[in-house]
Amino acid sequence: MFLESKKMFYENNEVDPIEIYKYLPKLDCKKCRYQSCLSFAIMLAKGEANINRCAHLKGNEYNFKKVKSYVKMH
């Protein structure tokens with residue numbers, strides 16, 4: 001079942017949230033209004049969150065650019 005849902009996820013041309021998560025601060029501070037950095041990464045991958053909501057990511061230009069390359073800007 002997991003493989004089927006993962007296949008459907010990628011068929012929708014969405015990015016793997018784990019690729020985004022790698023570059024997030026992993027502080028789970030909730031300043032972005034999501035419960036965790038992983039949930040924020042999932043919403044970014046779906047195109048339902050704005051990268052600018054992460055206050056900690058803005059201070060790390062390299063990681064910001066990496067995440068930006070994966071997501072659609074809102």
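How far is the sulfur of cysteine 54 from the closest cysteine sulfur, and in which residue does that closest sulfur lie? The distance is 6.1 Å, and the partner is cysteine 37. That is too far for a bond. This is a predicted model. The briefing below covers its cysteines, its cavity, its nonpolar core and its salt bridges.

**Cysteines without disulfides**

- A disulfide is a covalent bond between the sulfur atoms of two cysteines.
- A search of the whole structure finds zero disulfides.
- Cysteine 29 is in no disulfide. Its nearest cysteine sulfur belongs to cysteine 32, 6.2 Å away.
- Cysteine 29 counts as partly exposed, because its relative accessibility is 36%.
- Cysteine 54 counts as buried, because its relative accessibility is 7%.

**Where cysteine 54 sits**

- Cysteine 54 lies in the loop between helix 3 and helix 4.
- Leaving aside residues up to four places away in sequence, cysteine 54 touches Pro25, Cys32 and Phe40.
- Arginine 33 is 21 residues from cysteine 54 in sequence. In space, their C-alpha atoms are 9.1 Å apart.

**The cavity**

- The structure has one cavity of 30 Å³ or more.
- The largest cavity holds about 70 Å³ of space.
- Its lining is made of 13 residues. Those nearest its centre are Cys29, Lys30, Cys32, Cys37 and Cys54.

**The nonpolar core**

- In soluble globular proteins, nonpolar side chains tend to be buried together.
- Here the largest nonpolar core has 19 residues. Ile20, Leu24, Phe40, Leu44, Ile51, Leu57 and Val67 have the most contacts inside it.
- Two elements give two or more residues to this core: helix 3 (37–46) and helix 4 (61–70).
- Helix 3 supplies the largest share, six residues.
- Which residues of helix 3 are buried? They are Cys37, Phe40, Ala41, Met43, Leu44 and Ala45.
- Not counting residues up to four places away in sequence, isoleucine 20 touches Val15, Ala41, Leu44, Ala45, Val67, Tyr70 and Val71.
- Just after helix 3 comes glycine 47, with a positive phi of about 80 degrees.

**Salt bridges**

- Side chains of opposite charge can pair when their charged atoms come close.
- The count for this structure is two salt bridges.
- One joins the side chains of glutamate 19 and lysine 22, at 2.9 Å from N to O.
- Glutamate 19 is partly exposed, because its relative accessible area is 24%. Lysine 22 is partly exposed as well, with a value of 45%.
- The other joins the side chains of lysine 65 and glutamate 61, at 3.1 Å from N to O.
- Lysine 65 and glutamate 61 are both exposed.
- Why are lysine 65 and glutamate 61 separated by about one helical turn? The reason is that they are four residues apart in helix 4.
- An α-helix has 3.6 residues a turn, so residues three or four places apart point the same way.

Key: Residues are numbered from 1 along each chain as its sequence is written. Side-chain values use heavy atoms; hydrogens and water are left out. A nonpolar core is a set of buried Ala, Val, Leu, Ile, Met, Phe, Trp, Tyr and Cys residues joined through side-chain atoms within 4.5 Å. Buried means under 20% relative accessible area, exposed over 50%, partly exposed in between (1.4 Å probe, protein chains only). Contact means heavy atoms within 4.5 Å. A disulfide is a pair of cysteine sulfur atoms within 2.5 Å. A salt bridge is a side-chain nitrogen of Lys or Arg within 4 Å of a carboxyl oxygen of Asp or Glu. On a 1 Å grid over the protein atoms alone, a cavity is a set of points where a 1.4 Å probe fits but cannot get out, and a pocket is an open set with protein on both sides within 12 Å along at least five of seven lines; lining residues have an atom within 4 Å of a point. Grid points are joined across faces, edges and corners, and a volume is the space filled by probe spheres set on the points.
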